[in-house]
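Visitor: Please pick one chain and give me a close look at its fold. Then carry on to the other chains.

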Amino acid sequence: MHAAHKNHDFEPKIAAFVCTWCTYAGADLAGTSRMQYPPNVRVLKFPCTGRIDPVFILRAFQKGADGVLVSGCHPGDCHYMAGNFHARRRFAAFRQLLDFVGVDLNRLQFSWVSAAEGGKWVEVVTGLTERVRSMGPMREFKELELEEQWSGKVDTPELQEAYEAIS
Amino acid sequence: MQKTITEQNLRALIDLLVKKGTRVVGPRRAGSITLYEPLASGGELILGELPRRSAKEAFFPLCENILSFEKTTEGVKVADVDPSQFPETVIVGARPCDAAAPGILDAVFSWDYKDKFYLERRRKTTIIGLACTSCDDACFCTSVGLSPADPRGSDLFLTPLEGGGYACEAVTEKGEKLLAEFPQLFTDAEAAKALPQAEPAGEKLDLARIKSWLDGNFENPLWAEISERCAGCGACAFVCPACHCFDIVDEGGETKGCRRKSWDACGFGKFTNHASGHNPRDAQPKRYRNRIMHKFKYYDDKFGKTLCTGCGRCIRACPVGIDIAAVLEEISKK
Amino acid sequence: MIDLAKKIEAPATIDITAYAGATEAIRAEAAKLLTEGAVAAVIGYIPGRRNGTAIPAIVTSPEKAQELIFSPACVNNLALYLTRAKKEVKGKGRLAVVAKGCDMRALAGLMGESQLKREDVVIIGVACAGVYGSGADRDAPLAEKNIARKCRECRVHAPEGADVVAGSLPPLPEFSPVEAEELARLEAMTPAARWAFWKEHFSRCIRCMACRSLCPFCYCEQCICDRNRPQAVEATPRPAGNMAWHIVRAMHLAGRCAGCAECERACPMDIPLNLLNRKMARELKELYGHEAGLEPKEKGPLNEYREDDDQSFIK
Amino acid sequence: MSRIGVFVCHCGENISRTVDVERVAQAAARLPGVAYATDYKYMCSDPGQSLLKKAIAEHNLDGVVVAACSPRMHEKTFRKAAEATGLNPFVCEMANIREHCSWVHEDREEATAKAIDIVKLMAARVRRNRRLAAITVPVTKRALVIGGGIAGIQAALDIADAGHEVVLVEREPSIGGHMAQLSETFPTLDCSQCIMTPKMVDVANHPKITLHTYSEIEEVGGYIGNFQVTVRKKARSVDMAKCTGCGVCMAKCPQKKIPNAFDKDMGTRPAIYVPFPQAVPNTPVIDRENCTYFKSGKCGVCAKVCGPCAVDYTQQDELVTEQIGAIVVATGFDLYSIEPKPADSPIQGYGEFGYGTIPDVIDGMTFERLASASGPTGGKILRPSDGKEPKEVVFIQCVGSRAREKGISYCSKICCMYTAKHTMLYKHKVHDGQAYVFFMDARTPGKNYDEFWRRAIEEEEAVYIRGMVSRLYQKGDKVVVMGSDISVGIQVEIEADLVVLATAVQARKGADTLAQKLGISYDKYNFYSEAHAKLKPVECATAGIYLAGACQGPKDIPDTVSQASAAAAKVMTLFAKDQLEREPIVARVNERFCAACFACKKVCPYGAVEEKEIRDRQGNLIRVVASVNPGVCGGCGTCQATCPSKSVELDGYTDEQVMAMIEAL
């Protein structure tokens, strides 16, 4: 289970948006069970996947995430009854949109991880980390962030440096 | 004797300037439209089309950084943008309505506060103007006192000639310098006949009369009549060569970011929104009134100039068909 | 409904003499409503100064109603003037609106979103064979080369659910669906190629917000993109913020956009915005069988769910 | 917020073994807004908490991040500690560097770097945390029980016995429900009425119980602790205050041939009637559809014979509004019928059993009435067609239940047991009769249940045939039962005198309508949904509404009574306080920016969003906006993710907090 993650040229940054009742607890279980997984993931806790706004995913990519995970309760297990059902539709639509503007969906994963599925949490996080690592950095949004309108462009060494820092 | 240049040499001029490291901006194909953009070569220059946006962005960018900041343990580090890094620029093929705009805008950018961003770019820019031989029913430069062959604002002015090529008139020193720098591209020729200039349909307007009506009609039902249909977008202002409102925002992160200046428009509902939530221009007619007042009264009051070159872009761009030429005509009849 | 047989036989040029009948009917109905005092204003179209143009007009007198027209230049979706974004117009009182089939879909959507009550508006529907596209030749007869892209695939030529219907439909030629083809072309690309496509288009965006201002569904009191605490989308027209804005816009309209394509028409930078809307509309139809604007619906596809919704994408 | 304290816990060695806690504290000290950072061996210990409290006071901290274990472990601990110093508990957050870091990573460098990042995220969040105040809601200590069957009766009595007022609403003219119809009950064969009627009388006599029979719920407004419930009291045509229950009206009513639904239409009753002799209240109602006076204006015998002049033909439906603090829903069940169903119904009838056209094919409840001493036959088992005593009776289990092809996949739970009971009752009454039972398998989990079932086979000689019945048809005066015995693999054909179908338990007709009034959810069979299948089996997700009995799903009497008492206990727990306090993680609407599209209302799983009118001082309506009732909001935040303009925000998880965290990624 434990991926050897030494000597990689590139360590992806993975943002995980999870619900507190299922997936956060599942990740806790992975901890109490002393399972091992790559340290690339940063967890942001929400009450429910229903609270997770597509803008957060977009923003995470813009702010440098190379991969994003959204995970919550299995259908029918939602602490709030229907939050994950609403989230499911929202993300079904949003991922199509991201795909359409050219975001490689291999960088974006949705999963159901229950409070009992510590092992699944490890699997999901490890799988996504390794997949994104093999894909290399998410260049698109980062490059875009550095771009200016031609009229406002000033080519400075700092900008050049920032560009080079992406990969 | 008159200097002339062939179209081929005009394109060659662009190539030479680009090679030299000068930024050359001219009408260029951008997707399905034409925009003033930096040209990579003379071949990219589009002649015979009015770009969708004006040339003002060469001096007054759509968006530019004015400073960057970074919070460190030692405090906040602020770095100003250094205007000396702005590139030397030549604008090629600016139509009279675009070439005339900076001359109008200089006043506001160098009045009490000297806007170094604008002024430095302006100083470093040479404008090669180009007379119009065709126009459409939105063009109304003649109505506001300009003409399709008006060299005002251009440093070098080109007039298309019958049988091809352009007559070149050096309007300013910058223009003469350009002629002198590339003598091989320009020929002295007997003046061939210039192509007939375009003839916009509108009659010349009595701008003084319009202004005097505006002076006394801050409140008038006309404003609502014209602009109830206004959707409140900024298309008119953003394509306008003379509109120059901007917003300043800080963007980026909490610890690191940029202060940016970008175009704004008085048509936006939030344009005059106060932090308190109060909005003095709380309805679209008040906002549209400001647009007309600013162009034909306030700017005149302050700088003695009209803030419109009659390019007609706002008429073409307006998604609800608000037609500034028609509005002016109506006011002039009042 | 449109007679298919008639459609196939029809010529490639649309006979718009029927539009004159629509004009007459609109004038009569508007004058009647205004004279009776049934409405405070009629929102319709009047000719613009320039040849082949028409502009929205808010008409309050029976005399002025005689200026109303319907022609292929009547491109605007007048549903816009019934939204809370146009408080000045809405504040006049009960309104009548001239609506093409495509505009009716926006009205239905607004009703579903509690923005409009059916009884508060008189809908003068108009049978519409098509309108001019952006930048099209407005002197030539309405035909394949100058008809708007959305009209080529229109399925709502005859407005349904209007209070009165003005005009009648001429025979309708069959046009190739260029938007659908463009969508298919994009979908066949690699993600990287699509990114390049949109990046190029969005980089041209100047954030004039015409797309937002013309959209009947962008009636928010405060757009999230105007907020700066927190800032969800950068306000400046840089490529990064532009991309974010257009993604957010498309997402907020998903399941709501009824395809009037006003965003695309209004865009002074010619960004093919309706492709995004169409893409989302198609996905939501495929996923949840939802089509926006066919009738006022209490809930859109993204504010309801089924327990057995597709979740094949969730691992 | 700008003076945050970061406290990094070693957790003995649990964290410090893999995470360099000192370095985490040092890095934390440099974060924006952090005024103080330290590390300590055990933050959760008494000295650890003292350290926290002392630092808050000494360094004038206005926010706290405890980098330690999971917030699920100790968030409460540290929030309490912070609160003790006068700090708002909601500005204290935990950075989980144990379960999410030290325990799952081995590399010290990597784990330390990650721990620093986690602290950074939480510090960014805490800077935007708002000081939240606990929400209190007043509680009206008055319960509504909907349904007067055994579940409703039990719940009502329990709550009333605890000293709280109860309003019990029953749709029928009498309380009692299905249990009053039963003859005997499994597994003890108690006489159902003997144990039921005393409870009914208790209800009628209880000073704390207001009974509305022949009444329905018209409208429900409000929220936990503060419901307003309007009850429609249908016109009884008899003044309950005057009626003495003497029964003369019923005896004198000339219209006596109305099928008695209580007896499954086997007996008859007059047009002015009580459903059964032990009815509570013992006040008759006039069945206006069948009453000659109401049909033709002639007759009026009952009014003439009524001594106290209680009969009132002019009576109208009456609407009564009750202020209620908690609601127990105990609306019970209906039995499936094999009759043909509408074309669009997902549930099918049984054509192969004759769609209910064979007179001697009856359901279990009809058999109960036949077996009941107070039933239409006086307790004799006589078949409906010709009144003969059946000598061979076939019982068929799982009719409609566990029958996916008929549209119901669930097990009705009680049929195995009551069929076994029926075979016994039959054998007791028809000594020379033979009972056959077709069954898929017997489900007898319950105290003394399996013993009871075995007794039916071993002592009462019921023949159990494992298999399904494929067809029933009339042949002469017999009903031919064609089935299979899968244990021996043969086809079986029995010529029976009577066939009894153990039909499925279904949700009450109209259960969905009531659920919509109450704002509670229900499954695809219209059974009401509990908030959690395991841990909240009595609560609805809508706060303040509780479930009892078969309205939630098929149940037998002991389970029903247990759940009813549990629901009562929940109500009493709620009523133990004058004010309801809850975590302030609730959504709030920014009314200024709300565009009133009500998308939030559409997605709210709790029905917490209301439409609020904003009026000027003269009372003119200015606009309508969404408004969240904090007493009802569950705190999921689906509204905020749905709101296009983010004009509704979930406290504790605002966009500002989330964006700050994303920024700090």
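Guide: Start with burial in chain D. It has 665 residues, and 53% of them count as buried. Buried means that 20 or more other C-beta atoms lie within 10 Å of the residue's own; 12 or fewer makes a residue exposed, anything in between partly exposed, and C-beta atoms are placed from the backbone. The model is predicted, so local features need pLDDT of at least 70 and side-chain atom pairs pLDDT 80 or more, while totals for chains, interfaces and linings use all residues. Residues are numbered from 1 along each chain as its sequence is written, and chains are lettered from A and ligands numbered from 1 in the order in which they are written.

Chain D holds 18 helices and 34 strands. Both are DSSP runs numbered from the N terminus: H or I over at least four residues for helices, E over at least two for strands. Along the principal axes, the C-alpha atoms of chain D fill a box of roughly 95 × 75 × 45 Å. Take the contacts in chain D between residues at least 6 apart in sequence: 69% join residues at least 24 apart. Two residues are in contact if their C-beta atoms, placed from the backbone, lie within 7 Å.

Now the backbone. Most residues other than glycine have a negative phi, and most peptide bonds are trans. Chain D has exceptions to look at. The bond from D:Phe186 to D:Pro187 is cis, with omega near 0°. D:Pro187 sits in the loop between strand E8 (184-185) and strand E9 (190-191) of chain D. D:Val280 and D:Pro281 are also joined by a cis peptide bond, omega about 0°. The loop holding D:Pro281 runs between strand E15 (272-273) and strand E16 (285-286) of chain D. D:Asn526 is not a glycine, yet its phi is positive, about 75°. Find D:Asn526 in the loop between helix H14 (511-518) and strand E29 (545-547) of chain D. D:Asn526 is partly exposed, with 18 other C-beta atoms within 10 Å.

Chain D meets chain A. The contact takes 34 residues from chain D and 35 residues from chain A. On the chain A side, two or more residues each come from helix H1 (23-32), strand E2 (41-46), helix H2 (54-62) and helix H3 (83-101) of chain A. H1(A) gives the largest share, 6 residues. By class, this side of chain A has 19 nonpolar, 7 polar and 9 charged residues. Ala, Val, Leu, Ile, Met, Phe, Trp, Tyr, Cys and Pro count as nonpolar; Asp, Glu, Lys and Arg as charged; the others, Gly among them, as polar.

Chain A also touches chain B, through 6 residues of chain A and 12 residues of chain B. The chain A side there has 2 nonpolar, 4 polar and no charged residues.

Strands pair if DSSP finds at least two bridges between them. E8 (156-160) and E9 (166-170) of chain B pair in the antiparallel sense over 5 bridges. B:Thr159 stands opposite B:Ala167 in E9(B).

Elsewhere in chain B, the axes of helix H6 (207-216) and helix H9 (284-303) come within 10 Å and cross at roughly 90°. That makes H6(B) roughly perpendicular to H9(B). Axes are lines fitted to C-alpha atoms, for helices over the stretch in contact, with angles from 0 to 180 degrees between N-to-C directions. Under 35 degrees is roughly parallel, over 145 roughly antiparallel, 65 to 115 roughly perpendicular, the rest oblique. B:Leu207, B:Ile210, B:Lys211, B:Leu214 and B:Asp215 in H6(B) meet B:Met293, B:Phe296, B:Lys297 and B:Asp300 in H9(B). The contact's residues divide into 5 nonpolar, no polar and 4 charged.

Last, chain C. All 12 of the 12 residues of helix H5 (101-112) of chain C are buried. They pack against strand E3 (95-100), strand E4 (121-126) and helix H6 (149-152) of chain C. Just after H5(C), C:Ser114 takes a positive phi of about 60°.
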